[in-house]
Amino acid sequence: MPGGVNWVTVLRSRGFLLVMIPLLWAMAYLPGLRARDMRLEEGRRATPAAEMLRSGDFVKPTLYGEAYLSKPPLFFWIAAGMGKLQGGVTELSVRIPSVLSVLLGAWLIVWFGAGVVKREVQVMGALFFMSMPIMLDKGTLGEIDAVLSLVTFAAVAVWWKAFDSERNRVTMWGWMGTGILLGWSVLMKGPGGLAEFYAVVAGFTIFSGRGRWKVIFSVGHLVMLVVAIVPVSLWVWALLAE
């Protein structure tokens with residue numbers, strides 16, 4: 001386009017991906033991140049993290065001194081880790097994981113679309129994702145949802161990248177990587193992330209035909225489940241031991 005900006009070229013550039021996306025993300029998500037008081041479920045995420053740091057007990061989450069097991073501990077661990085770096089759990093400690101999940105999710109969309117759609121479409125998908133009202137809300141709250149969405153989407157992306165459409169099989173490394181991510185999702189919010197993963201994968205394998213449903217009954221799938229169960233089982237074992 002003579003005399004103007006070729007936006008297709010701009011969107012395709014590595015500079016836009018590595019510089020402009022983080023810049024736009026920072027402008028949309030970082031201002032006032034620490035200024036707002038906690039609301040909704042943020043207090044029930046920050047308090048167990050703060051009590052973990054005070055007590056040194058990272059196995060059994062507590063809320064005002066009482067056992068709080070309605071949620072697994074992974075998000076509390078993350079928030080406590082951020083609080084450790086900052087000298088205490090604050091609004092910022094519980095919100096940073098969600099905010100970072102938005103940026104990582106945008107880059108993950110670009111990686112997910114590589115080889116399937118053009119680079120400019122990948123980048124536009126990332127921009128649409130960051131500008132979604134629900135992400136602008138959940139992505140600035142110290143809640144589990146944004147982080148869980150990132151981990152679950154990463155599990156789907158890894159599985160998809162490892163899927164061989166010609167042979168209707170998933171590589172063993174793909175199954176194992178997916179299992180690790182799903183284990184994190186269960187350790188963060190119970191079976192919710194697992195259900196979301198299967199809603200996508202089962203729908204694809206069953207309704208796309210060509211016998212793809214058979215991958216659900218493969219040895220690799222069993223390995224994935226075992227890998228996913230390991231971190232949760234270790235936590236439950238340590239909890240019962242305590």
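Which glycine takes a positive phi just after α3? That's glycine 56, with a phi of about 80°. Before we go further, bear in mind that this is a predicted model, where local features need pLDDT of at least 70 and side-chain atom pairs count only at pLDDT 80 or more, while totals for chains, interfaces and linings use all residues. Residues are numbered from 1 along each chain as its sequence is written, and side-chain values use heavy atoms, with hydrogens and water left out.

Let's start with helix α3 itself, residues 42-55. Helices here are DSSP runs of H or I with at least four residues, strands are runs of E with at least two, and both are numbered from the N terminus. Helix α3 has 14 residues and reaches 20 Å from its first C-alpha to its last, close to the 20 Å expected at 1.5 Å a residue. (The expected span is 1.5 Å times one less than the number of residues.) Among the buried residues of α3 are Glu42, Arg45, Pro48 and Met52; buried means under 20% relative accessible area, exposed over 50%, and partly exposed in between, using a 1.4 Å probe and protein chains only. And what do the buried residues of α3 pack against? They pack against β1 (62-63), α4 (74-86) and α5 (91-113).

Now step back into the loop between α2 (14-29) and α3, where you'll find aspartate 37. Aspartate 37 counts as exposed because its relative accessibility is 62%. Leaving aside residues up to four places away in sequence, aspartate 37 touches Glu42 and Arg95, where a contact means heavy atoms within 4.5 Å. Aspartate 37 and glutamate 91 are 54 residues apart in sequence, but 7.3 Å apart in space, C-alpha to C-alpha.

Tyrosine 64, a residue other than glycine, has a phi near 55°, and sits in the loop between β1 and β2 (66-67). Asparagine 168 also has a positive phi near 55°, this time in the loop between β3 (163-164) and β4 (169-170). Are these two buried or exposed? Tyrosine 64 counts as exposed, at 67% relative accessibility, whereas asparagine 168 counts as buried, at 19%.

Next, the aromatic rings. A search of the whole structure finds 10 aromatic pairs. Rings of Phe, Tyr and Trp (its six-membered ring) pair if their centres lie within 6.5 Å; planes under 30 degrees apart are stacked, over 60 edge-to-face, and the rest tilted. One of the pairs joins tryptophan 159 and tryptophan 175, edge-to-face at 6.3 Å centre to centre with 70° between the planes. Tryptophan 159 lies in helix α8 and tryptophan 175 in helix α9 (residues 172-189), so the pair ties together parts that are 16 residues apart in sequence. Tryptophan 159 is buried, with a relative accessible area of 2%, and tryptophan 175 is buried too, at 3%. Phenylalanine 197 and tyrosine 198 have ring centres 5.4 Å apart and planes at 75°, so that pair is edge-to-face as well. Phenylalanine 197 is buried, at 1%, while tyrosine 198 is partly exposed, at 22%.

Finally, there's an aromatic cluster that includes Phe112, Trp159, Trp160 and Trp175. Its member tryptophan 160 lies in helix α8 (residues 145-162) and counts as partly exposed, at 36% relative accessibility.
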